[in-house]
Amino acid sequence: MVESPPVPRPDVRSGAAAAVLLAVTAAFQVALAAGAPWGAAAWGGAHPGVLPAGLRGASAGTLVVYGPLAAVAVGRLGRPATRRRVLRAASGLMALGAVMNAASPSAVEKIWVPVTAALAVLLWRAAPPVPPAPAGGVVSAG
């Protein structure tokens, strides 16, 4: 009897850790949207204190991204191929975010460098792997 190779599974712990960091980031953004005086630690640090209305709205808008992304990271949302694409794209954006935070003129904003760098790694690891090719050698784009 020929056994098929085991199907690789995503790293569940990485997805859970990413979801926790996304929740922390979302809580920070909610606080900014609600008027917390932490503007020096966000959006380039150009607005110390309470953010102007437009940036407060943008902070509130991040919830539309972070919430579903956390659900994708823990495997609660999306098919495997879609989850893989979303998590890999989000990983790349988080890596870019780490670079942007590192380049920020605000020293306080640099506290987000390790968070965004960790999110880049965790989201990449949480992505479902490409399934092995079937015995016939035909690979699905799935």
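## The largest pocket

In this predicted model, helices α1 (12-33), α3, α4 and α5 (112-126) each contribute at least two residues to the lining of the largest pocket. Helices here are DSSP runs (H or I, at least four residues), numbered from the N terminus. A pocket is an open set of points on a 1 Å grid over the protein atoms alone, where a 1.4 Å probe fits, with protein on both sides within 12 Å along at least five of seven lines; lining residues have an atom within 4 Å of a point.

The volume of the largest pocket is about 630 Å³, taken as the space filled by probe spheres set on the points. There are 26 lining residues, and Tyr66, Met94, Gly97, Asn101 and Thr116 are the closest to the centre. Helix α4 gives the most to this lining, with 9 residues. By type, the lining has 17 nonpolar, 8 polar and 1 charged residues. Ala, Val, Leu, Ile, Met, Phe, Trp, Tyr, Cys and Pro count as nonpolar, Asp, Glu, Lys and Arg as charged, and the others, Gly among them, as polar.

## Helices α3 and α4

Two packed helices are described by the angle between their axes and the distance between the axes. Helix α3 (residues 63-73) packs against helix α4 (residues 80-103) at an angle of about 125°, with axes 10 Å apart. Axes are lines fitted to C-alpha atoms over the stretch in contact, and angles run from 0 to 180 degrees between N-to-C directions.

On the α3 side, Tyr66, Leu69, Val72 and Ala73 meet Arg83, Val86, Leu87, Ala90 and Met94 of α4, where contact means heavy atoms within 4.5 Å. These residues comprise 8 nonpolar, no polar and 1 charged.

## Helix α5 and its partners

The axes of α4 and α5 come within 8 Å and cross at roughly 160°. These helices are therefore roughly antiparallel to each other, the term for angles over 145 degrees. Their contact residues divide into 14 nonpolar, 4 polar and 2 charged.

The axes of α1 and α5 also come within 8 Å, crossing at roughly 145°. Among the residues in this contact are Leu21 and Phe28 of α1 and Trp112 and Leu122 of α5.

## Basis of the values

Residues are numbered from 1 along each chain as its sequence is written, and side-chain values use heavy atoms, with hydrogens and water left out. Local features need pLDDT of at least 70 and side-chain atom pairs count only at pLDDT 80 or more, whereas totals for chains, interfaces and linings use all residues.

Note on methods:
Angles under 35 degrees count as roughly parallel, over 145 as roughly antiparallel, 65 to 115 as roughly perpendicular and the rest as oblique.
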